[in-house]
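Work through the exercises below with the sequence and the model side by side.

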Amino acid sequence: MAARGFPYTDLKDFLAALERAGELRRVGVPVDPTLEISEVVTRTVRADGPALLFERPTRGEMPVAINLFGTEKRTAMALGVESLDEIGNRIGEMLKPELPVGFSGMMGGLGKVMQLKSMPPKKVKTAPCQQVIYRGDDVDLNRLPGLQVWPGDGGIFHNFGLTHTKHPETGKRNLGLYRLQQHSHNTLGMHWQIHKNSTAHHAVAERLGQRLPVAIAIGCDPVVSYASSAPLPADIDEYLFAGFLRGERVEMVDCLTVPLQVPAHAQVVLEGYLEPGERLPEGPFGDHTGFYTPVEPFPVLHVEAMTMQRDPVYHTIVTSKPPQEDHGLGKATERIFAPLLRFLIPDIVDYDLPAAGVFHNCAIVSIRKRYPKHAQKVMNAIWGAHMMSLTKLIVIVDEDCDVHDYNEVAFRAFGNVDYARDLLITEGPVDHLDHSSYQQFWGGKAGIDATRKLPSEGYTRGWPEEMTMTPEVVSLVDKRWKEYGI
């Protein structure tokens with residue numbers, strides 16, 4: 001069931017919906033974007049508090065919206081559903097290969113086609129994001145209240161800039177979410193990582209000796225903002241996906257100075273280019289790993305135009321060790337892409353990406369075990385599945401284990417494992433930000449088989465029966481509970 005007012009026209013529309021639902025608090029006193037906002041937000045997130053709108057930041061010319069995705073409830077509201085699993089179920093239905101049967105089946109098939117037709121973005125000639133225009137010497141990134149989140153950060157960062165590029169040869173678009181370090185009033189460091197599609201676009205442009213045009217949208221509607229973070233396969237356009245989630249096409253407008261399109265209802269848009277071969281030191285930056293990432297050379301965006309709505313709102317996010325706001329985004333990805341992962345690996349019953357594992361360090365997976373070493377087969381399949389290849393630790397449990405109940409998972413992983421036989425050690429790619437691997441970009445992986453062991457796996461002792469109370473006694477105690485006076 002769609003949330004009230006969904007799909008939201010823009011960020012301001014979503015903020016109004018959050019306020020109506022009691023999920024937004026306005027902060028009317030002056031607050032410093034250097035460190036102070038970060039500390040306020042971190043305390044709010046860890047208290048399961050509301051989204052925040054800082055109306056009077058002491059730097060910049062617009063209010064700051066933050067913690068919009070800080071709970072699963074708000075993330076579901078952002079995506080127009082009561083439960084994040086609703087979207088996954090929609091995707092699961094579309095993946096079913098069977099042919100329609102009868103009139104109702106034909107109508108169901110037609111409904112799926114109509115959903116697909118709503119996906120492509122819609123081009124418009126005029127847009128709110130271009131109501132105010134600055135070009136050339138008038139561009140000043142200091143108009144934006146970018147945050148310094150941690151004391152050791154290398155300066156001001158813009159942490160929710162939706163970055164648009166296209167492949168110089170094929171013209172295929174990419175939308176990504178990367179941190180942006182402000183080097184000057186009109187230049188930004190582009191921290192796009194080695195596994196990202198924008199990195200590939202830039203590599204092609206440099207090989208051809210060409211500038212790479214870039215457009216950055218800040219403060220988009222929440223569905224587009226989420227879509228920018230989703231780990232989509234390279235051949236799926238993020239705006240097609242956003243249209244699917246919205247049930248309505250995303251309006252896009254041509255940029256003024258670069259051959260790219262951006263969301264028409266963004267709050268702020270930055271347009272510019274990367275000069276081939278140019279790099280500047282970027283970082284350090286306190287990231288979601290809970291540690292500062294080191295200084296590394298990254299490309300430099302020269303901003304030639306800056307457009308915005310009248311009275312814009314600036315959207316950003318705080319990064320730190322969990323729990324933090326990105327938990328909501330990560331949990332949405334986990335639930336939305338569960339059917340796709342099961343489609344690729346049918347052995348999987350369910351999975352969980354713990355926030356403490358920052359979503360790529362650990363995956364807990366349940367399977368319906370059918371044959372010897374089935375768990376190890378699933379581990380290897382996951383390490384071959386798109387961005388799941390970055391997972392460092394995989395814990396496989398039986399289907400009767402709730403993967404979201406970490407106590408139950410720990411009980412299985414601590415007690416059901418002979419670590420001389422049930423531990424699979426391998427090597428493979430790890431996240432760009434991983435600090436524990438002895439070499440950057442690749443390192444050791446582990447898979448733990450916490451399933452019941454089979455005689456055919458060499459376990460000859462007879463697996464013991466787990467203790468459970470009889471249903472009759474459970475029902476009796478349920479009925480008499482108040483009598484006990486406990």
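This is a predicted model: local features need pLDDT of at least 70, side-chain atom pairs count only at pLDDT 80 or more; totals for chains, interfaces and linings use all residues.

**Exercise 1. State how many aromatic pairs the structure holds, and classify the pair Phe 69 and Phe 160.**

Solution. The structure holds eight aromatic pairs, where rings of Phe, Tyr and Trp (its six-membered ring) pair if their centres lie within 6.5 Å, and planes under 30 degrees apart count as stacked, over 60 as edge-to-face and the rest as tilted. The ring centres of Phe 69 and Phe 160 are 6.2 Å apart and the planes stand at 20 degrees, so this pair is stacked. The pair links distant parts of the chain, with Phe 69 in the loop between strand 3 (64-66) and helix 3 (72-78) and Phe 160 in strand 6 (residues 157-166), 91 residues apart. Helices (H or I, at least four residues) and strands (E, at least two) are DSSP runs, numbered from the N terminus. Phe 69 has 1% relative accessibility and therefore counts as buried, and Phe 160, at 1%, counts as buried too; buried means under 20% relative accessible area, exposed over 50%, and partly exposed in between (1.4 Å probe, protein chains only).

**Exercise 2. Classify the pair Phe 157 and Phe 285, and decide whether its residues are buried or exposed.**

Solution. The centres of the Phe 157 and Phe 285 rings lie 4.5 Å apart with planes at 50 degrees, so the pair is tilted. Phe 157 is in strand 6 and Phe 285 in strand 14 (residues 285-286), so that the pair links distant parts of the chain, 128 residues apart. Both Phe 157 and Phe 285 are buried.

**Exercise 3. Locate the partners of the salt bridges Glu 169 to Arg 207 and Asp 347 to Lys 377.**

Solution. The whole structure contains 30 salt bridges, each being a side-chain nitrogen of Lys or Arg within 4 Å of a carboxyl oxygen of Asp or Glu. Glu 169 and Arg 207 meet at 3.4 Å, N to O. Because Glu 169 lies in the loop between strand 6 and strand 7 (173-182) and Arg 207 in helix 6 (residues 197-207), the pair ties together parts that are 38 residues apart in sequence. Both Glu 169 and Arg 207 are exposed. Asp 347 and Lys 377 meet at 2.9 Å, N to O. Asp 347 is buried, with a relative accessible area of 10%, whereas Lys 377 counts as partly exposed at 38%.

**Exercise 4. Determine how many helices and strands the protein chain has, and what share of its residues is buried.**

Solution. The protein chain has 13 helices and 23 strands. Of its 486 residues, 52% are buried.

Terms used
Residues are numbered from 1 along each chain as its sequence is written. Side-chain values use heavy atoms; hydrogens and water are left out.
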